[in-house]
Amino acid sequence: MVDAINPTIGELPNSPFGLSYHSMVNDLPEYAEIGERLRAIRVGFSEMSQKAWAQKNGFSVTQYNNWEKGTRRIPIDAAERLSDTYGLTLDAIYRGRLDGLSEKARNVF
């Protein structure tokens, strides 16, 4: 029990409840901002559901849902597919930078 209450250098104490630092400080999923941008892209370029959008773009429905929820990060190859298809940049998807986008793509965000 002593180990559970003694912090290690530079970290929070071990939690007996399995809580991580991330979950204690921030309830948002790790990739929430990327997920928000993916949702904006889907809604901005279509009126499709997540399922229809995922299928149209060749993604697994569950996989795409995890990306849009922000629980998983979209892999580079999938982001490149969206970039090529919709005139986006990887910077727009991953970082939210809008330089170099067409006016139509900028309006999505």
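**Note on aromatic pairs and the nonpolar core**

1. Phe 45, Trp 53 and Tyr 86 are linked into a cluster by ring pairs (ring centres of Phe, Tyr or the six-membered ring of Trp within 6.5 Å; planes under 30 degrees apart are stacked, over 60 edge-to-face, the rest tilted). The model is predicted, with pLDDT of at least 70 needed for local features and 80 or more for side-chain atom pairs, while totals for chains, interfaces and linings use all residues. Residues are numbered from 1 along each chain as its sequence is written, and side-chain values use heavy atoms, without hydrogens and water.

2. The structure contains five aromatic pairs. In one of them, the ring centres of Trp 53 and Tyr 86 are 5.0 Å apart with planes at 25°, so the pair is stacked. Because Trp 53 belongs to helix 4 and Tyr 86 to helix 6, this pair ties together parts 33 residues apart in sequence (helices are DSSP runs of H or I, at least four residues, numbered from the N terminus). Trp 53 is buried at 0% relative accessible area (buried means under 20%, with a 1.4 Å probe and protein chains only).

3. Phe 59 and Tyr 64 also form a stacked pair, with centres 6.2 Å apart and planes at 5°. Phe 59 is buried at 6%, and Tyr 64 at 1%.

4. The largest nonpolar core has 21 residues; Ile 41 and Phe 45 are among those touching the most other members (a core joins buried Ala, Val, Leu, Ile, Met, Phe, Trp, Tyr and Cys through side-chain atoms within 4.5 Å). Beyond neighbours within four places in sequence, Ile 41 contacts Trp 53, Leu 88, Ile 93, Val 108 and Phe 109 (heavy atoms within 4.5 Å).

Notes
Buried means under 20% relative accessible area, exposed over 50%, partly exposed in between (1.4 Å probe, protein chains only). Helices (H or I, at least four residues) and strands (E, at least two) are DSSP runs, numbered from the N terminus.
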